[in-house]
Amino acid sequence: VQQEIAQAVANALALHVGIARAGSPTPDPLVFREYLQLRHIFLASNDADAYAQAERGLNTLAARANGYAPVHGLLALNLASNFEGEGKEDAALREARSALAIDPNDLYAHVALGMVASHDKDWATVKQEYDIALALNPADSVVHNADGMFLSRLGYGEQALAQFEIGYASDPLGYWVTYNMGAHLDVLGRHDEAKTYLDLLPGREVKPSTRTNVARWRNAVWRRDFAAARNFAAQLPERNGSRKAFVAVTEALTD
């Protein structure tokens, strides 16, 4: 029933935004389950080790599920999110086009095309692809996160916040939507509101991360709560002198 409703919505939107009416064939239930498990790791987890393992799993699944568009769309999104490594941009485009050849309505393939365009500073294409993705699934937190980061980088602070708020409403337990809400409120100078979200991050983590402590340290500094800043600095790892640097900066700001 949910699939039929989603397809009906997409068909209605096709009249306005040019979304095609094709669909991906129903996958093997085991493929669908594995896809959802991998998607959850990519989109909600902050565990780098689990993420690396999921990348390998997604490559294997894509080879197995050759005719299932969402797998190739998710792979395209993963590749487009991180261009480290030669040929990843070309691979992202290839996977996105493969997904769209199977299903022109594939959500993450459109997001991936937008991400690739953002690296080329082709802002019109980014906006076009993100708008298509938002029309396909107005409640998807990943699309709102991507659109929010895009708008924020171009300086549209309030419009970006609106996207992050929708993403957070869709996925209030997700690490990344919570992080973006806190970090962006800090950017807007709303530091007390930012603290509310940043204080939730330890409960959203799969494992403690440097990213969380740095975000909370930055917020504490902006609020001039140097006791809290010292505490967050002390929790940072020793590698590359991170802890020493943050402790030194904190003491300099305190004085």
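Student: Leaving aside neighbours within four places in sequence, which residues is Val71 in contact with?
Tutor: First, this is a predicted model: local features need pLDDT of at least 70 and side-chain atom pairs count only at pLDDT 80 or more, while totals for chains, interfaces and linings use all residues. Residues are numbered from 1 along each chain as its sequence is written, and side-chain values use heavy atoms, with hydrogens and water left out. Contact means heavy atoms within 4.5 Å. On that basis, the partners of Val71 are Val31, Tyr35, Leu58, Leu61, Ala62 and Ala65.

Student: Which residues have the most contacts inside the largest nonpolar core?
Tutor: A nonpolar core is a set of buried Ala, Val, Leu, Ile, Met, Phe, Trp, Tyr and Cys residues joined through side-chain atoms within 4.5 Å. Buried means under 20% relative accessible area, exposed over 50%, and partly exposed in between (1.4 Å probe, protein chains only). The largest core here has 59 residues, and those with the most contacts inside it are Val71, Leu77, Tyr108 and Val111.

Student: Which helix gives this core its largest share?
Tutor: Helices (H or I, at least four residues) and strands (E, at least two) are DSSP runs, numbered from the N terminus. The protein chain has 15 helices and zero strands. Nine residues, the largest share of the core, come from residues 107-119, which is helix α6.

Student: How far from Asp186 is the nearest side chain of opposite charge?
Tutor: Asp186 sits in helix α10 (residues 175-187) and is buried with no salt bridge, meaning a side-chain nitrogen of Lys or Arg within 4 Å of a carboxyl oxygen of Asp or Glu. For charge, Lys and Arg count as positive and Asp and Glu as negative, with His and the chain ends not counted. The nearest opposite charge belongs to Arg218, at a distance of 5.9 Å.

Student: With which side chain does the side chain of Asp186 make a polar contact?
Tutor: A polar contact is a pair of N or O atoms within 3.5 Å; within protein, one must be able to donate a hydrogen and the other to accept it, and residues adjacent in sequence count only if both atoms are side-chain atoms. Not counting residues up to four places away in sequence, Asp186 touches several residues, including His191, Ala194 and Trp222. Its polar contact, at 2.9 Å, is with the side chain of Asn219.

Student: Within what arc do the buried residues of α11 fall?
Tutor: In α11 (residues 191-198), the buried ones are His191, Ala194, Tyr197 and Leu198. The arc is that of the directions from the helix axis to the C-beta atoms. Seen down the axis, these residues line one face of the helix, because they fall within an arc of 110 degrees.

Student: And what about α14: which helices are among those covering its buried residues?
Tutor: Helix α14 (residues 226-234) has Phe226, Ala228, Ala229, Phe232 and Ala233 buried. They line one face too, since their arc is 150 degrees. Among what covers them are α13 (210-222) and α15 (242-254).

Student: Is Lys121 buried or exposed?
Tutor: Lys121 is in the loop between α6 and α7 (123-136). Its phi is near 60 degrees, a positive value in a residue other than glycine. With a relative accessible area of 59%, Lys121 is exposed.

Student: Where does Asn240 lie?
Tutor: Asn240 also has phi near 60 degrees, positive in a residue other than glycine. At 79% relative accessibility, Asn240 counts as exposed. You'll find Asn240 in the loop between α14 and α15.
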